[in-house]
Amino acid sequence: PKKKAQQPDVLAEVSRALEIANLTPASNYINRYPHELSGGERQRVSIARALIQRPDFLLADEPISMLDVSIRANIMNLLLRLRNEYGMSIMYISHDIASARYVSDYIAVMYLGVAVEYGRVEEIIKMPFHPYTKSLIDAVPSPDPDWIHHELKIIGEVGNSVDVHPGCRFYDRCVFRKDICESTPPPVRAGPDRMYLCHFDQDGLIENDSDLNAEKEEEGEAEVMSADGEQGK
Ligand code: SF4
């Protein structure tokens, strides 16, 4: 006779997943309808549902964007606990670079569907190399009253992700661009714990900085004018 496949204890598995997601005691939640749960609890149920299969990898796509700010930290801490206690790998997708920093070890910064910079999150946030990452990080406000706000080095509007530029996808918005950027896709530049897509290294980007060059030109003109003025005395 055929052996009957062993059925998992569904109730026990659901309870286990709910409790891992901090919906405790599970018996309080197991028979509730969605409208009987708060936004944060519903998000925990979504995470619990993903945990049923005991995955090694969890894809969390904007898991906190629809939540009240007061409960965002709870969900981020839950993700960190899943990583630390269950050894789960998590891909966290977000528009919020501050929350990505909180939950991630590595970060890939995307622009028009391409990862333009990838590396250890702390390194990249402290010292971004790609012009888009630089402007993203400069746009994050800080509660520090001594924080010095850098002027955003970005121009134009977000490009069309279907009709992309033949060269660098960031060309239309980049203040460091040169002719080669318009026609040729940039190479991958690699460093310790870091990769980014650009035709220029950091020294090259400083040389290309149009604002900096304009300031230098103005300073040069001012010096010439003051020298002329002194000669005329
Ligand atoms: S390749 Fe050129 S346009 Fe693209 S990010 Fe680098 S400098 Fe800017």
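Of the 233 residues of the protein chain, 31% are buried, that is, under 20% relative accessible area with a 1.4 Å probe and protein chains only. The model is predicted: local features need pLDDT of at least 70, side-chain atom pairs count only at pLDDT 80 or more, and totals for chains, interfaces and linings use all residues. Residues are numbered from 1 along each chain as its sequence is written, and side-chain values use heavy atoms, leaving out hydrogens and water.

The protein chain contains nine helices and six strands, taken as DSSP runs (H or I, at least four residues; E, at least two) numbered from the N terminus. Among contacts (heavy atoms within 4.5 Å) between residues at least 6 apart in sequence, 44% join residues at least 24 apart.

Helix H6 (residues 131-138) is largely enclosed by the rest of the structure, because six of its eight residues are buried. These are Pro 131, Tyr 132, Thr 133, Ser 135, Ile 137 and Asp 138. The elements against which the buried residues of H6 pack are tabulated below.

| Element | Residues |
|---|---|
| Helix H4 | 97-103 |
| Strand E3 | 106-111 |
| Strand E4 | 114-120 |
| Helix H5 | 121-126 |
| Helix H8 | 202-208 |

The ligand is surrounded by 13 residues, of which Cys 168, Cys 174, Cys 181, Cys 198 and His 199 are the closest; a residue counts here if one of its heavy atoms lies within 4 Å. This shell comprises ten nonpolar residues, two polar and one charged.

Key:
Ala, Val, Leu, Ile, Met, Phe, Trp, Tyr, Cys and Pro count as nonpolar, Asp, Glu, Lys and Arg as charged, and the others, Gly among them, as polar. Buried means under 20% relative accessible area, exposed over 50%, partly exposed in between (1.4 Å probe, protein chains only).
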